[in-house]
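Let's take a friendly walk through one part of this protein. Have your viewer ready and follow along.

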Amino acid sequence: MIKNLSHILKTKYGLSEEDFAEAGRIQQEKGGQLGQILLQKKTLTEVQLLDALSVQYEIPFWPELPLDNLGNDLVKNISIQFLKKYIMIPMLIRPLESNPTKKLYQKSGPDAVEDKDKRLAIIAVNDPASFQPLDDLARLIGFDDYQLVLSTKNAILSAINLWYDLSQDSAEQLVQDMEENGTTIISEIENTADLLDDISDAPIIKLVNHIISQSTKARASDIHIEPFQDSFKVRYRVDGILYDLLTPPKWIQPALISRIKVMSNLNIAEKRLPQDGRFEAKIGNQSFDVRVSTLPTTFGERVVMRLLNKSSSVLKMSDLGLSKKRRAQLKKLVESPHGIILVTGPTGSGKTTTLYAILSSINKPDINIITIEDPVEYQLYGISQIQVNPKIDLTFARGLRAIVRQDPDVILIGEIRDRETSEIAVQSALTGHLVFSTLHTNDSASAITRLVDIGVEPFLISSAVIAVVAQRLVRVLCNECKKQYIPDITMQNIGITPEQLKRHTIYKAVGCEKCLFTGYKGRIGIFEIMVMGHGLKNLILKTYDSFRIKEEALKWKMITLRQDGIAKVLSGVTTIEEVLRVTQR
């Protein structure tokens, strides 16, 4: 007997008559289910609704689905579009003691799941009233007996994406099939199509889709396709380190590169000049902006694809890796009314991420923030962002001259590259604007030398620049497999004393399935913040020697990159090897 949903919601979650009256009015005007209307009005959560439906239909509610033992052999008979449309997924799993398995939806046989060794046929649904799609699904997979469970929309969609990803052929198998067939097909698919949905029979399309899919699954930031004399290699960069993914035969190279160029709207006939393009890709419920760069080499075109996850949110300042004290120091600096704050470091050291986090922290309705970037990596709500376009002569300098006429309070310049840009940035800082920008230098002191080298006068640097932040990214130890150890006593040379070793635990990387056997999972920043106090400003007027500038900053108790890295080693976040890898002696 199906119970009354409104009675269950009143009893369990205290919904009022007014809530139901308003939902009933909307139902009469626009139609729809009562529960979904209450959900859209945020009167109750999805978990609360499913919990109530579980009582109403007497069906178990599983907030999470067991993904470790999915029976992905069923995927061959079902379209992923069908499952995503009706938000349901069939599974073959062993009975779990923690799961309520008493309430069954059975087409025949009262004792269908009493045998504990038998694998359960389970269909997880989000809407228990989808009777017709449910019958169609059961017929497609040939289930005579099955248990129906309720689960959240995200849990089911994640299971569908994982299921289809696991079911796809391996890259090695795809290459082997291509060698056997000896054919390659180049045909364009819709740029924003879900790569897991693409069912094209062309082996080269399957291979490209699989390379991108596997790279995103491994949290890669870049994919490299590198040609050599008799072979070519596909590698991906995870947490700043390149790993081999695939070494296909040489004859596949032209077709693979042509396929990527077709997806990026590049000229496939032009193989002598560098080209830049982009395309959008969906991998399950994640959207990626893929920046493509080609470069002609002696043995063919080299391709690098930069993967930017558009679905991920911008980090907060608390997520960057700054200690509480240094975060307060940086927060005080970014609240300055005017001046230049520079973030320095090599390519891929997280400078843009740090600047986005800073802008997000000061982004308020009463502040006008405008950025000019190359490229705009993530869209920030409430901030005007300009993309540099050299083809139409929209350079940093030209864009910056236009920005200062737009009455900004805060300006972000993607990078100071030339004298013209630096001069406008300095003038903007001196006329009451807060300016953020990046430079490619090894440490904070070298930024001053670089500015002088570009052509900025030392007295202008002294007046305009209020702080320089140098940063690097170190890999974070995997919590599942990191192992405690006592380092060699010679490690004192990097700044760890015997007393610190007694008070702290040092870990080393091991490697497990969770971290793809690297020993690390994710990255965090180490920082060097050089505040331009009176001592430094006076010194810059006399000399711009980076060594002298650094010595003066250290007198004012500046914490160096190495020291910040060692602090993270002592707190068990990273390893000594990682800090040595990214910092200078």
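The paragraphs below look at a pair of helices and then at a sheet.

Keep in mind that this is a predicted model. Start with helix H9, residues 203-217, and helix H10, residues 253-263, whose axes lie 10 Å apart and meet at an angle of about 75 degrees. Angles of 65 to 115 degrees count as roughly perpendicular, so H9 and H10 are roughly perpendicular to each other. On the H9 side, the contact is made by Ile 204, Ile 205, Leu 207, Val 208, Ile 211 and Ile 212, and H10 answers with Ala 255, Leu 256, Arg 259, Ile 260 and Met 263. Sorted by class, that contact has 10 nonpolar residues, 1 charged residue and no polar ones.

Now stay with H10, which is mostly covered: 10 of its 11 residues are buried. Among them are Gln 253, Ser 258, Arg 259 and Lys 261. The cover over these buried residues includes H9 together with strands S5, S6, S8, S9 and S10. Just after H10, look for Asn 265, which takes a positive phi of about 60 degrees.

Next comes the sheet. Its 6 strands form an open arrangement in the order S7-S6-S5-S10-S9-S8, with antiparallel pairing. S7 (241-246) and S8 are the edge strands, each pairing on one side only. From one strand to the next, the twist averages 25 degrees. S8 and S9 are joined over 9 bridges in the antiparallel sense, and Arg 278 has Arg 291 of S9 as its bridge partner. H10 packs on this sheet, touching S5, S6, S8, S9 and S10, and its direction makes about 45 degrees with that of S10.

How values were computed: Residues numbered from 1 in each chain as written. Predicted model: local features only at pLDDT ≥ 70, side-chain atom pairs only at ≥ 80, totals over all residues. Heavy atoms only, no water. Axes fitted to C-alpha atoms, helices over the stretch in contact; angles between N-to-C directions. Helix = DSSP H or I, 4+ residues; strand = E, 2+ residues; numbered from the N terminus. Parallel < 35°, antiparallel > 145°, perpendicular 65-115°, else oblique. Contact = heavy atoms within 4.5 Å. Nonpolar A, V, L, I, M, F, W, Y, C, P; charged D, E, K, R; others polar. Buried < 20%, exposed > 50% of the residue type's maximum accessible area, 1.4 Å probe, protein only. Pairing = 2+ DSSP bridges.
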